[in-house]
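Hi there,

Here is the structure I promised to pass along. Have a look at it first, and my notes on the aromatic rings follow below.

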Amino acid sequence: MAIGGNGFSEQGLRRLREVLARHVDSGKIPGLVALVSRGGQTHVETLGTMRHDGGAPMRRDTIFRMASTSKPVSIAAAMVLLDECRLRLDDVVDPWLPELADRQVLKSINAELDAIVPARRPVTVRDVLTSTFGLGMDMTALGTPILNAIFERGLTPNLPTEVPEQDEWMRRLGELPLMHQPGEQWQYQISSDLVGVLVSRVTGQSFEDFLRERIFEPLGMKDTGFHVPADQIDRLPTLYAPDPATGEFLAWDEPEGGRWSKPPAFQGGGGGLVSTADDYHAYFRMLLNGGVHEGRRILSRPAVELMTTNRLTPEQNAARTALARNAVHISFGQGQQGGWGLGMAVRTYRGDYAPIGQFGWDGGSGTSAYADPANQLTGILLCQLGYSVPNPAHLMSDFWTTVYQALED
């Protein structure tokens, strides 16, 4: 589909396809679906196959494991509750999450679990929504007693220990001290899963049921959820985590009988969703449109602005900034946007082709979704390759570079 005028140049879109095809033709990316939209016009590319050794071709409606790209979508459930005054940002979470009452905090990140001091104040809703409540995945602290305890208790996804149902998950979480004082420092992942538990307990519904009722169905996101129904499983590709040393394609999750073939015990807002390019496009277009989808208001404009602008102080963001700049050889350059809103990154400085104000996030299964208010641009890139090798990050980087050079004006 050729687009001109207020969208993309035809030459730019040809280059986009050529660059994406180069990655697939290299044999390092089995297949992909890419969607870009601007000015009410949409362009989609589908390349490659569902398996690295062939099989069915990728289609526009292929269902992907969204991994951490779940975060910008799952946070919307909490924003509905803020809009309805069923939650307030500075409410203490104890009535809904009593497991987090009377917290103890490690004296230092490397300390043994009994080297603790009392928390200076209770955990609030704001702390949970901004990922600053005090516990998370700190990749600079691997091997410390607290990170080992998090892994051993099955509090994070995709590890040998299965994540338990939400009440047991909360019980295990409540056994641990915090790594930092509430509100002190941004930390990854656990807050996003905690949001789902908070929403479920406030509403008395499962997290998925509330998301479906208030976000997915109003937006027409019919293929988004926490598992793939049996009659649709042929639309889910194999997920690979290649051997970093040899590049050999190792199947991390198969469609049939895999982790997403049945409803999970824990509905993880941090990384549990499956979805399609068109479903995610509907969501990010709604955010670009100030919370409205096809004339129907999903979220208030102030809620969207809270989500999609930086919420962190320099002090709260210091560790994230250091990690992004000092570990690019490990993160393959991801995570350098600068700011963090609610559930997603926000660009606060211009470090590459994307302008200040772009918001969204990437997933470790080879997914990327961002919207850009300045250019009224949405982009979704989905593949089935994990970050055990740099190839999906290189694909994402080239996708965004070619999207921005294709802008017509």
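Two rings of Phe, Tyr or Trp count as a pair when their centres lie within 6.5 Å, with the six-membered ring standing in for Trp. Please keep in mind that this is a predicted model.

With that rule, the structure has 14 aromatic pairs. One of them joins Trp 340 and Trp 361: the ring centres are 4.9 Å apart and the planes meet at 90 degrees, so this pair is edge-to-face, given that the label applies to planes over 60 degrees apart. The two residues sit in distant parts of the chain, 21 residues apart, with Trp 340 in strand E12 (residues 338-340) and Trp 361 in strand E14 (residues 359-363). Both Trp 340 and Trp 361 are buried.

Another edge-to-face pair is formed by Phe 399 and Trp 400, with 4.9 Å from centre to centre and 70 degrees between the planes. Are these two buried or exposed? Phe 399 is buried because its relative accessibility is 0%, and Trp 400, at 12%, is buried too, since the cut-off for buried is under 20%.

Back to the tryptophans: Trp 340 and Trp 361 belong to one aromatic cluster together with Trp 186 and Tyr 188. Trp 186 also has a charged neighbour, as Arg 320 lies over its face at 5.1 Å from the ring centre. Elsewhere, Arg 325 places its charged end over the ring of Tyr 349, 5.8 Å from the centre of that ring.

Happy to hear what you make of it.

Best wishes

Key: Residues are numbered from 1 along each chain as its sequence is written. This is a predicted model: local features need pLDDT of at least 70, side-chain atom pairs count only at pLDDT 80 or more; totals for chains, interfaces and linings use all residues. Side-chain values use heavy atoms; hydrogens and water are left out. Rings of Phe, Tyr and Trp (its six-membered ring) pair if their centres lie within 6.5 Å; planes under 30 degrees apart count as stacked, over 60 as edge-to-face and the rest as tilted. Helices (H or I, at least four residues) and strands (E, at least two) are DSSP runs, numbered from the N terminus. Buried means under 20% relative accessible area, exposed over 50%, partly exposed in between (1.4 Å probe, protein chains only). A charge sits over a ring if NZ of Lys or CZ of Arg is within 6 Å of the ring centre and within 35 degrees of the ring normal.
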